[in-house]
Amino acid sequence: PETEIITSDVASINVSYAAQLADLLHFKTDYFVMADAERLPFRPDSFDFILSSGMLHHLGDIRRGLRKGYQVLKHGGRWYVIGELAIGSLFRLLWNSRWGGKGRDARVRGVRENSYTWQEWKASFQAENLKIVDYYFHRDPKTAASWPFAAYYAIISRLPINLVKMGVPCNVNFVLEKV
């Protein structure tokens with residue numbers, strides 16, 4: 001009951017949608033804030049946890065965004081990172097090109113699209129004193145949004161996790177802790 005919930009996004013339209021959705025679902029949110037993750041307007045050590053969903057790869061400077069998140073987390077606070085892509089360097093060349101999914105999205109929607117390898121994710125978190133407490137590679141075909149993704153997940157779900165870590169494109173979720 002004493003939990004304060006703050007929702008933020010860099011785009012005002014998304015903040016408006018969040019407010020409408022919270023109202024529709026009767027979900028108590030204390031504040032809706034338009035904020036850039038690289039320039040958070042919150043005091044240091046303000047939050048017990050942060051939840052980010054598929055947004056870190058849009059940042060211009062991921063290390064700066066992680067540093068800002070670290071600053072606003074309380075000591076021992078958790079950061080739940082959902083829906084980021086871990087991709088190998090070779091796959092990334094195609095994926096980020098004008099023919100690949102991220103390259104097309106960047107052009108069509110006019111958004112920044114970055115891709116990181118498993119090792120780059122780990123190094124970025126470690127450099128900003130964020131410890132990976134847990135991680136999960138999303139490979140469940142039952143939760144795919146379309147049949148091509150379901151088929152892809154069915155294939156990669158049979159691969160050893162170490163092979164996926166080496167660069168097979170896969171969404172990954174992290175639980176980070178401020179150390």
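In helix α2 (residues 62–72), the residues I62, G65, L66, G69, Y70 and V72 are buried, a term that stands for under 20% relative accessible area with a 1.4 Å probe and protein chains only. The model is predicted, local features need pLDDT of at least 70, side-chain atom pairs count only at pLDDT 80 or more, and totals for chains, interfaces and linings use all residues. Residues are numbered from 1 along each chain as its sequence is written, and side-chain values use heavy atoms, with hydrogens and water left out.

**Around helix α2**

- The cover over the buried residues of α2 includes β3 (47–53), β4 (73–86), α5, β5 (130–138) and β6 (170–178), where helices (H or I, at least four residues) and strands (E, at least two) are DSSP runs numbered from the N terminus.
- S124 belongs to helix α5 (residues 118–127), and S124 counts as buried because its relative accessibility is 10%.
- Apart from neighbours within four places in sequence, S124 is in contact with I62, R63 and L66, contact being heavy atoms within 4.5 Å.

**Helix α1 and what follows**

- Helix α1 (residues 12–24) has 13 residues and should span 18 Å at 1.5 Å a residue, which agrees with its end C-alpha atoms being 18 Å apart; the expected span is 1.5 Å times one less than the number of residues.
- Just after α1, H26 takes a positive phi of about 55°.
- L25 sits in the loop between α1 and β2 (31–34), and L25 is exposed, at a relative accessible area of 56%, where exposed means over 50%.
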